[in-house]
Amino acid sequence: MSSPSSPSPHLRVAALFAYPVKSCAPIELDQQGAALTRDGIPFDRNWAVVRADDADGGRGRFLSQRDTPALALVRPSLPAEAFLGQVWGADLGAGAALTLTIVPTGKSVSVPLWTDEEEEVEEEVEGEEGGAASPSSSPRRRRRLPRRQLRRVSVWDYDGEALDEGDEAAELLSDFLGRRVRLVRHAPSRAPRAVAPGWVRASSPRAEVAFADAFPLLVTTRASTLAVERVLGRPVEAVRFRPNILLDAEGGFAGGGEGAEGFGKPWEEDAWASLSFSNGGPSSSSSSSLPLPPSAVLVDLVKPCDRCSIPHVNPRTGERDSPDLTRALRDGCGRSGAKLGWLALPSWRGAVFFGWNGVVRDKGGLEHAKRGEVLCVVRVGDGVRVAERRGEGEGPRGPFLTSEWEKD
């Protein structure tokens, strides 16, 4: 790993997305921006649709567009302030809710955001003979009970408890999807789900995810998306790849930038080890050799994202319409593990890659940031700097067992 010896590309945030319900439609955050916490963007993939008829030990196995492409037509909405985090001063109020709308029918359902996972209840202690003591003399005790029904769920190899969001949401989704499902919400105090430590620097805050596959963030670039478009000969929506942060060269078409379209060079992100974000965005003219701003938050790009069939699903129709997209990535763009020489994990040889999974790291003394604590707010148009590059010819190494990542 090395710091760049030459100025970093002039990058900017081109688009921001959150996916409150795993594998459902995205919410574009172009207007309000998004907070970065140690666990990524607030409310990102905090909910999931799970099977209600799972016979495997009673677990509710998650659904995704891999097996249920119609999830692309379930559109969530949240108050704009929700994505800025509580520390940012947002008072969402008792009436704030997640609303799900079925795009083809317009039917919708709302579930409240305020979910104290547990509540204190006061109850009488039973008398010696099994009956309750008299109200005037009975001793009383307080204990904490789940406020909502807990349901066992599984996401890949994760198995834990989640909060069930009730029958109304379940009925709306079940009717649309044609199978019995439940909507569940992540319960971090009951089922924390840490990012595998081998992918995270020792100095980073403890990163957790809710129902994301494995990492808090996914970063892609417009230049690489355009490269896929050129191979396919037709437009490719960036959201097919489910990014949280889409980057391009600062100035876009008007700025000229690097590359024919002015959006930067395709696949340049493979050389970026970490990116620097800060409130208001660093100046685009800043050299990467200058010290990072005190408020800078780094996002380490720790693992290339091996792609499944979800990019084949048209986000507007909820149908698979681009089975050739994977072939375009593999053959036309040379994005297979074998062609790239990315063989750190055995499964990578035949995998096809697009985008990088990110983990938030802070350089301003917040290594022990609490869950939900806002480290910075990112907005569309903000400048971004490449803080560290990979060494020449250095690809991803798989989980970091002994490296400078652990010595940092």
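**Figure 1. Helix H1 and its buried residues.** Helix H1 covers residues 167–177. Its buried residues are Ala169, Ala170, Leu172, Leu173, Ser174 and Leu177. Buried means under 20% relative accessible area, with a 1.4 Å probe and protein chains only. Helices (H or I, at least four residues) and strands (E, at least two) are DSSP runs, numbered from the N terminus. This is a predicted model: local features need pLDDT of at least 70, side-chain atom pairs count only at pLDDT 80 or more, and totals for chains, interfaces and linings use all residues. Residues are numbered from 1 along each chain as its sequence is written, and side-chain values use heavy atoms, with hydrogens and water left out.

**Figure 2. What covers H1, and what follows it.** The cover over the buried residues of H1 includes strands S4 (47–51), S6 (74–77), S7 (97–102), S8 (108–112) and S13 (181–186). H1 lies across S4 and S13. It runs at about 130° to S13. Such angles, from 0 to 180 degrees, are taken between N-to-C directions of axes, which are lines fitted to C-alpha atoms, for helices over the stretch in contact. Contact means heavy atoms within 4.5 Å. Just after H1, Gly178 has a positive phi of about 75°.

**Figure 3. An open sheet of five strands.** The strand order is S4-S13-S12-S11-S5, with mixed pairing. S4 and S5 (60–61) are the edge strands, and each pairs on one side only. Two strands pair if DSSP finds at least two bridges between them.

**Figure 4. Antiparallel neighbours in the sheet.** S11 (residues 150–155) and S12 (residues 158–164) run antiparallel, joined by six bridges. Val155 has Tyr158 in S12 as its bridge partner. S12 and S13 are also antiparallel, over three bridges. Here Leu163 partners Arg185 in S13. S4 and S13 pair antiparallel over five bridges. Trp47 stands opposite Arg185 in S13. S13 is mostly covered, with six of its six residues buried.

**Figure 5. The second largest pocket.** This pocket holds about 590 Å³ of space. Its lining has 23 residues; Arg66, Asp213, Ala214, Cys305 and Asn357 lie nearest its centre. On a 1 Å grid over the protein atoms alone, a pocket is an open set of points where a 1.4 Å probe fits, with protein on both sides within 12 Å along at least five of seven lines; lining residues have an atom within 4 Å of a point. Strands S14 (217–221) and S17 (297–306) each supply at least two lining residues. S17 gives the largest share, three residues.

Note on methods:
Buried < 20%, exposed > 50% of the residue type's maximum accessible area, 1.4 Å probe, protein only. Points joined across faces, edges and corners; volume = space filled by probe spheres on them.
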